[in-house]
Amino acid sequence: NLYMEDQPQESLMPYESIFGLILSSSLSFLLVFRLNRSAARFWFARQSWGIVIASARALVGGLLAHSSHNPRVRDEALKWSAAYPV
């Protein structure tokens, strides 16, 4: 702290501003890259979940088309297919 008191304020200002500029620039680039990666993971998860839902709908459609017309069997098959995406 004694060294800071001996130096005039004008000589410390350029170094502080350069340090702040470098620090804020590097942190902003890091934040942008992290946000970009998290957005990519979000869209991948959304696409994957869409594929699961589409295959579950196709499974139910097949069950309804090819099952017997017995309502009890149909309802039981639909209960099992509802557990498929989970």
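The chain averages a pLDDT of 80, and 80% of the residues score at least 70; pLDDT is the predictor's confidence in each residue, from 0 to 100. This is a predicted model, in which local features need pLDDT of at least 70 and side-chain atom pairs count only at pLDDT 80 or more, while totals for chains, interfaces and linings use all residues. Residues are numbered from 1 along each chain as its sequence is written, and side-chain values use heavy atoms, with hydrogens and water left out.

## Overall layout

The chain has three helices and zero strands, and from the N terminus on its elements run α-α-α. Helices (H or I, at least four residues) and strands (E, at least two) are DSSP runs, numbered from the N terminus.

Of the 86 residues of the chain, 6% count as buried. Here buried means under 20% relative accessible area, exposed over 50%, and partly exposed in between (1.4 Å probe, protein chains only). The chain exposes about 7,700 Å², and carbon and sulfur atoms supply 68% of that area. Accessible areas come from the Shrake-Rupley method with a 1.4 Å probe; for residues, only the protein chains shown count as cover.

## Aromatic pairs

The structure holds two aromatic pairs. In one, the rings of Phe29 and Phe33 have centres 6.5 Å apart and planes at 25°, so this pair is stacked. Phe42 and Trp43 form an edge-to-face pair, with 5.5 Å centre to centre and 75° between the planes. For reference, rings of Phe, Tyr and Trp (its six-membered ring) pair if their centres lie within 6.5 Å; planes under 30 degrees apart count as stacked, over 60 as edge-to-face and the rest as tilted.

Phe29 and Phe33 are separated by about one helical turn because they sit four residues apart in helix α2. Both Phe29 and Phe33 are exposed. Trp43 has 46% relative accessibility, so Trp43 counts as partly exposed.

Phe19, Leu23, Leu27 and Leu30 make a nonpolar surface patch of about 410 Å². Patches are made of residues with over 30% relative accessible area and no salt bridge: like charges are joined within 9 Å, nonpolar side chains (Val, Leu, Ile, Met, Phe, Trp, Tyr) within 5 Å. Phe19 is found in helix α2 and counts as exposed because its relative accessibility is 56%.

Ile51 also has its place in helix α2, and at 60% relative accessibility Ile51 counts as exposed. Ile51 and Pro85 are 34 residues apart in sequence, and their C-alpha atoms are 10.0 Å apart in space.

A search of the whole structure finds one salt bridge, a term for a side-chain nitrogen of Lys or Arg within 4 Å of a carboxyl oxygen of Asp or Glu. Asp75 forms a salt bridge with Arg74, with the closest N and O atoms 3.3 Å apart. Asp75 is partly exposed, with a relative accessible area of 36%, and Arg74 is partly exposed at 34%.

Ser81 lies in helix α3 (residues 71–82). With a relative accessible area of 5%, Ser81 is buried. The side chain of Ser81 reaches the backbone oxygen of Leu78 at 2.9 Å.

Definitions and conventions: Polar contact = N/O pair within 3.5 Å; in protein donor to acceptor, adjacent residues only side chain to side chain.
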